[in-house]
Amino acid sequence: MEKMKNPVDVYTPGSRHMVGDGFPVRNIFPSHDLTEAISPFLLLDYAGPAEFSPTDRPRGVGEHPHRGFETVTIVYQGKVAHRDSAGNAGTIGPGDVQWMTAASGVVHEELHEQAWAKDGGTLQMIQLWVNLPKALKMGAPRYQTVLNDDIPQSNLGGDGGVIRVIAGEYEGLKGPAKTFTPVHLFDLRLQAGHQAELNLPVGFNTGLFVLSGVLVLNGSQKVGEAEMALCDPQGTQVHLEATEEAMVLVLSGEPIHEPVARMGPFVMNTEEELVQAVNDYRAGRMGHLD
Ligand code: MN
């Protein structure tokens, strides 16, 4: 008998704030201090959906550093441009994902794409931070653009839903994003009145974040817009029913059992390493944008 991965709690946004002048976000964690319970994930910001008026000066976040983890940006509506000190640059639009490994350190900017900003429109996006184990925190930065067309998908719950596998694997379907520790990341849509089963590994921490619509999990737990259900890591099976057409991000990963020291854009294991990160950034050792 499969053990149900019963949700242990449902979290509403713990903070609403602007990131730079381009990303009005609702944050689920770390504004809720889930730490061990959601490891290896460190942050979930849901930006928008929000309307932006036309402008010649793209909004967003200017030059800033990261060290010790990965930033994963998933665009649902709008276009976002990125440029970093490792020499990587790219634009992602609806259905695309950018998986940036900051590791030992990059400096980057994240802006609305110029032509898109000129027209204005609706932006809807998620940024997720994924931790790196100690042995990889000071490794080389890496950058992956995962385009919509390269993300495999299959039906979910008959023809009432779709699951897109960004990273990890679902029933033989493998996601194109490379990860350093085992992570499953799925973009899931389920039409109103339809049901589906998800099977996830025992011991993985799993969050089901609802971007829009309403889900009922395991027959009883309701999860609405901008809410995240945290599931029991000892279970394997989640039963989903959409009572309103739902868009869901499923994040599931093997926990990293190491101390977490964090300060703004740096996530390390100790306070000393945070001080080192600040010093390295100030000394220009994370590079600069051209
Ligand atoms: Mn950033």
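How many salt bridges does a search of the whole structure find? The search finds nine, a salt bridge being a side-chain nitrogen of Lys or Arg within 4 Å of a carboxyl oxygen of Asp or Glu. The structure is a predicted model, in which local features need pLDDT of at least 70 and side-chain atom pairs count only at pLDDT 80 or more, while totals for chains, interfaces and linings use all residues. Residues are numbered from 1 along each chain as its sequence is written, and side-chain values use heavy atoms, with hydrogens and water left out.

**Exercise 1. Describe the manganese site and place its donors in the fold.**

Step 1. The manganese ion is coordinated by His 64 (NE2), His 66 (NE2), His 108 (NE2) and Glu 110 (OE), at 2.1 to 2.3 Å. Donors here are N, O and S atoms within 2.8 Å of the metal (3.2 Å for Na, K and Ca), and since water is not among the atoms, sites may look incomplete.

Step 2. Along the chain, the donors follow the spacing H-x1-H-x41-H-x1-E. His 64 belongs to strand E5 (residues 60–66) and Glu 110 to strand E10 (residues 106–112), so this pair ties together parts that are 46 residues apart in sequence. Strands (E, at least two residues) and helices (H or I, at least four) are DSSP runs numbered from the N terminus.

Step 3. His 64 counts as buried at 15% relative accessibility, and Glu 110 is buried at 9%; buried means under 20% relative accessible area, exposed over 50%, and partly exposed in between (1.4 Å probe, protein chains only).

**Exercise 2. Work out the sheet that contains E5 and E10.**

Step 1. The strands form an open sheet of four in the order E5-E10-E7-E8, with antiparallel pairing, where two strands pair if DSSP finds at least two bridges between them. E5 and strand E8 (89–92) stand at the edges with a single partner strand each, so one side of each is left without a neighbour in the sheet.

Step 2. Strand E7 (residues 80–84) is joined to E10 by five bridges and runs antiparallel to it, and His 82 stands opposite Glu 110 in E10, the residue that also coordinates the manganese ion.

Step 3. A salt bridge links Glu 109 with Arg 83, their closest N and O atoms being 2.9 Å apart. Glu 109 lies in E10 and Arg 83 in E7, so the pair ties together parts that are 26 residues apart in sequence. Glu 109 counts as buried at 16% relative accessibility, whereas Arg 83 is partly exposed at 31%.

**Exercise 3. Compare two further salt bridges by position and burial.**

Step 1. Asp 187 and Arg 164 form a salt bridge with their closest N and O atoms 2.8 Å apart. This pair links distant parts of the chain, Asp 187 in strand E17 (residues 183–190) and Arg 164 in strand E14 (residues 161–167), 23 residues apart. Both Asp 187 and Arg 164 are buried.

Step 2. Glu 273 and Lys 134 form a salt bridge with their closest N and O atoms 3.1 Å apart. Glu 273 is in helix H2 (residues 271–282) and Lys 134 in the loop between strand E11 (121–131) and strand E12 (142–146), 139 residues apart. Glu 273 counts as partly exposed at 21% relative accessibility, as does Lys 134 at 48%.
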